[in-house]
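Let's take a friendly walk through a protein fold. Have a look at the picture first, then read on.

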Amino acid sequence: MYTVQTILNFLIKHNHWFLFTLLEGISFVLIVSFNNYQGAVMFTSANNVTGSIYSVMTDVDSYFSLKSENKVIADHNLQLIEELDKTRNELKELKEKALIAENPFTRNRDNGFFYKSATIVNNTLNKTDNYITINKGTNDGIQSEMGVFSEKGIVGIVYQASNNYSIVIPLLNGKSKVNCRVKGSNSFCALQWDGSDTRYSYLVDLPRYTVFEKGDTVVTSGFSSIFPADIPVGRIHNLEESEDGLFYRAKVELFVDFSTVSNVFVVGNDGRKEQEELEKKLFKQ
């Protein structure tokens, strides 16, 4: 620690500097006090320094206030985003209901069938067994063996469903088989794809007594629990003999263009389970 004697020795040793500083200060005060110009310059300079200090302090305060305001704005933006997302979902639901209501194949039906709209998110065309993925799953009430069709006609049947997606076996799949009939006829038959042209499929095992012509419309038969009756499938392109010569084989030009189809409807049947259980009891007898 410094002693009093040490401090005194220091002051005596450097007394000329302290005296110089004191005299400089007195001179500065006398100049400013008795000279208007120098006083004005000093006053202006002091104001500038003070203003700069205040400006820096204001900027610092504004910075910390801005952080608080930014948090409020961020919270408000998050709220707006959530409200916008909610509005989008509501509009999406309204649009889906409107699509179902406007479709001629889903309107005014009171036969146990219900409908869900969906969008195709993946689609293959170059395989023997093609598949389609749609953006609806079990969370939306979709289950396996539900029918799928577009505004133009039959697309396929749901094979598997996860929470938010479903795999559909389309008509362009060797394993697909849909019960159909030629419109105006009560004879039903199966529609199967031969794995070649994506524009055509075939009605197999057509009874030879069935009367139809090129251009006749093929529709769903209604003899299954998957599709309601009279959903369009395609039109007769030409007639061929079956391999055994006992039936006809009709080439059908499909109404659905599988290279461009996007929006579809999934159809379910409230009475399907009861119907299938009853039929199983009959077949066991």
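What follows covers the barrel, a few strand pairs and one serine.

This is a predicted model, where local features need pLDDT of at least 70, side-chain atom pairs count only at pLDDT 80 or more, and totals for chains, interfaces and linings use all residues. Residues are numbered from 1 along each chain as its sequence is written, and side-chain values use heavy atoms, leaving out hydrogens and water.

Start with the barrel: 6 strands close up in the order S1-S2-S5-S4-S3-S12, with antiparallel pairing. From one strand to the next, the twist averages 40°. Strands here are DSSP runs (E, at least two residues), numbered from the N terminus, and two of them pair if DSSP finds at least two bridges between them.

| Strand | Partner | Bridges |
|---|---|---|
| S1 (residues 113-123) | S2 (residues 132-134) | 3 bridges |
| S7 (residues 188-192) | S8 | 3 bridges |
| S8 | S11 (residues 247-254) | 6 bridges |

Zooming in, Ile120 sits opposite Ile134 in S2. Leu191 has Leu203 in S8 as its bridge partner, while Leu206 faces Tyr248 in S11. Strand S8 (residues 200-207) is mostly covered, with 7 of its 8 residues buried, where buried means under 20% relative accessible area (1.4 Å probe, protein chains only).

Now for Ser176, in the loop between strands S5 (166-170) and S6 (178-182). Is Ser176 buried or exposed? Ser176 is buried, because its relative accessible area is 6%. Ser176 touches Ile169, Pro170, Leu171, Leu191 and Gln192, not counting residues up to four places away in sequence; touching means heavy atoms within 4.5 Å.

How values were computed:
Helices (H or I, at least four residues) and strands (E, at least two) are DSSP runs, numbered from the N terminus. Axes are lines fitted to C-alpha atoms, for helices over the stretch in contact, and angles run from 0 to 180 degrees between N-to-C directions. Buried means under 20% relative accessible area, exposed over 50%, partly exposed in between (1.4 Å probe, protein chains only).
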